[in-house]
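Please find below a colleague's note on the model, arranged as numbered points.

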Amino acid sequence: MTYTDYVTGAPVADTKAPAGPVNERWDKRRFEAKLVNPANRRKHTVIVVGTGLAGGSAGATLAEQGYHVVQFCYQDSPRRAHSIAAQGGINAAKNYRNDGDSVHRLFYDTVKGGDFRARESNVHRLAQISVEIIDQCVAQGVPFAREYGGLLDTRSFGGVQVSRTFYARGQTGQQLLLGAYQALSRQIAAGNVEMHPRTEMLDLIVVDGRARGIVARDLVTGKISSYFADAVVLASGGYGNVFYLSTNAMNSNATAVWRAHRRGAYFANPCFTQIHPTCIPRTGDHQSKLTLMSESLRNDGRIWVPKAKGDTRPPNEIPEDERDYYLERIYPSFGNLVPRDIASRAAKNVCDEGRGVGPGGQGVYLDFADAIERMGRGAVEAKYGNLFDMYQRITDEDPYRVPMRIYPAVHYTMGGLWVDYDLQTTVPGLFAIGEANFSDHGANRLGASALMQGLADGYFVLPATINDYLARNPHQDEVTGEHPVVQEVLAETQDRLNLLLSVDGDRTPDSFHREVGELMWEFCGMARTDAGLRKALERIPEIREEFWRRIKVPGTGEEFNQSLEKANRVVDYLELAELMCLDALHRAESCGGHFREESQTPDGEAARRDDEFAYAAAWEFTGTGQAPTLHKEDLVFEYVHPTQRSYA
Amino acid sequence: MARTVWDSSVGKKTVMAVSGVIMLLYLVAHVIGNLKIFFGPGEFNHYAHWLRTVGEPFMHYEWTLWLIRVVLIAAVVAHAVSAYQLSRRDIKARPSKYVHTKARASYATRTMRWGGIILGLFIVWHILDLTTGTVHSGGFQPGHPYQNVVDTFSTWYGNVIYIVAMLALGLHIRHGFWSAAQTLGVGSRTRDRALKTVANVLALLLTAGFIAVPVGVMTGVVS
Amino acid sequence: MRLTLRVWRQKNADAEGAMSTYEVDGISSDMSFLEMLDTLNEELILKGEDPVAFDHDCREGICGACSLVINGDAHGPERTTTCQLHMRSFKDGDTIDIEPWRASAFPVIKDLVVDRSAFDRIIQAGGYITAPTGSAPEAHATPVPKPDADFAFEHAECIGCGACVAACPNGAAMLFTSAKVNHLNVLPQGAPERETRVLDMVAQMDEEGFGGCTLTGECATACPKGIPLVSITSMNKEWLRATRRVAKR
């Protein structure tokens, strides 16, 4: 049986979301959830993997509630998780602007923005909680931008027509993360959180069908140890680094979620990846990562390409009537602020037509000349100064004088571990929060919603729902290192690393990562076809085979060994890539970030096929290279009725 | 509170700043007194005598002077001990040097440390020379400071020691005054220029004022 | 470009370290400094040698992981992080010295990687506002004057990279500590813990073995985020105020 001959198993259902009016479901769930007596909480240990917005806020909040938290991050400090790089802002339905915003509108915008592939219950909860997040962060001292009256400032973002994005210059993620990190630090000092930095989760321990711990490697000493708990929370982020070049941090990886998947957690919608329209184009083969320019730039910058193909004149010499402001032309009401998937695809289309700019024609202009004329250079500088500086540093071009060049790049993954309304995966006791789960964004995430979701999950949702699981499983048998399951997982992990070290081939981990990444970008990137995906699915097992034959990892496992870390992550990319392609192949429709060329409207817009694909695809692992089993979760829309998205 | 201050690196810097300011105020008075030498032995010796009788009849002869001396000794000791302990901490905090070395603004730090040591040694010599007369060249005459000063600056080494020390003093004040302002929290972005100017002017005036005396002796203006 | 690199190699925390010399060729001026090191490492791996270990992650200048002293300057010749330093700042034929942060509070783990957990412990000592989840009042209940909000933000920008410590001849962590103290102490939300915060953080800073401040200004010159030297002055003021007030209690 080949990998593409997957079978469709029993549907998977979210049994935790209560019925009833959508705006009452979260209250209802919180009321129905069992509680753990405060005095008993410290007897429960919860493992949290990752310290980004979701993990950091969850660790801090669980510890505040009285649980004993054991937390891990691969970075040298919890403060360095990649949430720190989020620039633009965080959405909240505060309606401080009195511009018609409401919880219901945020809910509506998010379901629509996600191209009707998200759960209504989850999204509504997210919108409700959004207002509390801002309160919480302000109380922690997050220095959001303020107006002269001392009140919070907001700006607008792609895909919406209200101004609901709170921000801290171009460093909102940093400020929110430091808020969570500081709350976590307080709990570390209080002894409620046992923090393990520079420690990477390598596998999940499942005993009697329940998640009971993890196996992790101390990246300094190389020691592999097991850690035990009553519940395990994965907050390890997304898997965008499968593409090699992405805006993710260099060490962001999919190992935690992939290993959990291999141990029984379903992986949902892996093909839903977000390509961000405004990144700095690559300059050459040496490129190790891509840098995002905040979407907020689209508030004032105008995107254009020359009308003529192969126009190589410098941008300032191209007269106004020979420029094509294609987003404003095609989508007059949203203009440059269309959702990310649409902006990215439009950029790809004009470049494919041969109208792209810059080296290799892989870029479009983002022009601030009008904004500088209208607002003055000073105002532009105050709003975007740090982004302009960053652009200039990387490209050596002055964006105040020459238009920026931008091109889409992999940025975020909407897919992830399947979770129910309680954020619990299909492995009891294993929870996934933030980007690690398949989340609330459907097939496309709106700008400034990732921070919102990460913090909603970590501060408010998980701490409420995990109680229910722990209360219902009060007296779990103690698991120790002697347990045969633990011994087995430890041995498997050790064997895998030993094997990586022993092949002694002639290719570096990076070369394989680059190869699979380029393959994914070509065939599973912005536009996907049946034939292309099949080609990728043929190629991936070959690369995997070659990997295990030719990989070279110097050094030993008992030391600080970055090559070994990298190689082990590539092992998982080489499996996950295959699932992503299969998911993309099976979903023969276009929706959000997933664009199948076979499924488009006459004018080239994504054509959804709700009759066949209005479901979340949750995949069950059956073995490396073996066809997984598909479990469908039907999506029901009671409040926001699916229509063809229109931003024209 | 004393414990908190002394145990903290920031607190010890405060001790240095406060003691430094005390010494600086004293030096301002000292240089004004010194300049009286240009008005002849009468006025200078009278001034020296007056120092011992300040506060009379409330204070006994030399009581005020001793009070000032005690405060000054306390300031010097506090300044030196803090400096020593802080320097030890600093050196311990950066045990290995960079292979690639660069000339940089730690110039200020180095001159503060060496300058401080030079000034400490100078104070000892200065007291033994002109207060107790222990190492004075020629016959030390208590009660005749004018002549004693002229004697000292009639030797080449007296001039060298004194002038080198006064240059060190200028550098020390230049960084020290500004630094003390930062330590005491009175610096700010808007005040920074003013503070630096005051530091420079103080350093210049004090150095020039003190050096004027040996120069005066050398050139024969004072004899 | 063709370059000669002299890199600090140290097997582990206990081993002796030394500079080793490597030649790299075919370096593009568009490469970031770390991409240049990637190139070297790819070659070393294929030669069966141990690649140079260095900390890095976001490569966007915000996570604070990268930490190299390049030709004697923390983060190299430009005012930015190592990951945002590009090879166009160097010339063909240059010899570049690459060393780890040096301070006894930042022991070397391997090659160019150091242990900066002391920074985390300084934050743990008081670099937070006690606001447990769920306890927050409505965000607009307390307006914050814009100048105060801007002042807080300017200090909150610190990325905790440790360049200030690396550049300081005394290995002092004053700039790092002051950035967090100033960020939180200026805000109304931070007022209840204003005194304990600065006292505890400074005490922890001393405890970790960082040196004292001699106001050389090297830290502010090296800071990729432009935290100003006067930040230290503000913290000194906070510390003195706190010492007086706590003594009165």
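1. D504(A) is placed in the loop that runs between helix 13 (484-503) and helix 14 (509-523) of chain A; helices (H or I, at least four residues) and strands (E, at least two) are DSSP runs, numbered from the N terminus. The phi of D504(A) is positive, near 55 degrees, in a residue other than glycine. Because D504(A) has 12 C-beta neighbours inside 10 Å, it counts as exposed. Here a residue is buried if 20 or more other C-beta atoms lie within 10 Å of its own, exposed if 12 or fewer, and partly exposed in between, with C-beta atoms placed from the backbone.

2. The model is a predicted one, in which local features need pLDDT of at least 70 and side-chain atom pairs count only at pLDDT 80 or more, while totals for chains, interfaces and linings use all residues. Residues are numbered from 1 along each chain as its sequence is written, and chains are lettered from A and ligands numbered from 1 in the order in which they are written.

3. Further backbone features deserve a check. R198(A), not a glycine, has a positive phi of about 45 degrees and sits in the loop between strand 7 (193-196) and strand 8 (199-207) of chain A. R198(A) counts as buried because it has 21 C-beta neighbours inside 10 Å. In chain B, E56(B) and P57(B) are joined by a cis peptide bond with omega about 5 degrees; P57(B) belongs to the loop between helix 3 (40-53) and helix 4 of chain B. Most residues other than glycine have a negative phi, and most peptide bonds are trans.

4. Helix 4 (residues 103-113) of chain A is mostly covered, with eight of its 11 residues buried. Among the buried residues are V103(A), L106(A), F107(A) and D109(A). Their cover includes strand 4 (90-91) and helix 5 (120-139) of chain A. After helix 4 of chain A comes D115(A), with a positive phi near 55 degrees.

5. The largest nonpolar core has 293 residues, of which V233(A), L234(A), L417(A), C581(A) and V165(C) touch the most other members. Such a core is a set of buried Ala, Val, Leu, Ile, Met, Phe, Trp, Tyr and Cys residues joined through C-beta atoms within 7 Å. Helix 16 (residues 562-586) of chain A gives the largest share of this core, 14 residues. A separate second core, of 26 residues, includes Y162(B), A180(B), A181(B) and L206(B).

6. Not counting residues up to four places away in sequence, L417(A) touches residues including L234(A), V257(A), A265(A) and F438(A); two residues are in contact if their C-beta atoms, placed from the backbone, lie within 7 Å. A265(A) lies in the loop between helix 7 (255-262) and strand 12 (267-268) of chain A. A265(A) counts as buried because it has 30 C-beta neighbours inside 10 Å.

7. Chain A is divided into domain 1 (276-411) and domain 2 (484-615), with bounds that come from an automatic or database domain assignment. The C-alpha centres of these two domains of chain A are 30 Å apart. Six residues of domain 1 of chain A contact six residues of domain 2 of chain A. On the domain 1 side, helix 9 (residues 340-352) of chain A supplies the largest share, five residues.

8. Which chains share the most contacts? Of the two pairs of chains in contact, chains A and C do. This contact takes 66 residues from chain C and 63 residues from chain A. The chain C side divides into 30 nonpolar, 19 polar and 17 charged residues; Ala, Val, Leu, Ile, Met, Phe, Trp, Tyr, Cys and Pro count as nonpolar, Asp, Glu, Lys and Arg as charged, and the others, Gly among them, as polar.

9. In the contact between chains C and B, 36 residues of chain C meet 36 residues of chain B. Helix 8 of chain C gives the largest share of the chain C side, nine residues. Chains A and B do not touch, and their nearest C-alpha atoms are 20 Å apart.

10. Helix 2 (residues 9-35) of chain B reaches 38 Å from its first C-alpha to its last, close to the 39 Å expected at 1.5 Å a residue; the expected span is 1.5 Å times one less than the number of residues. The cover of its buried residues includes helix 6 and helix 8 of chain C.
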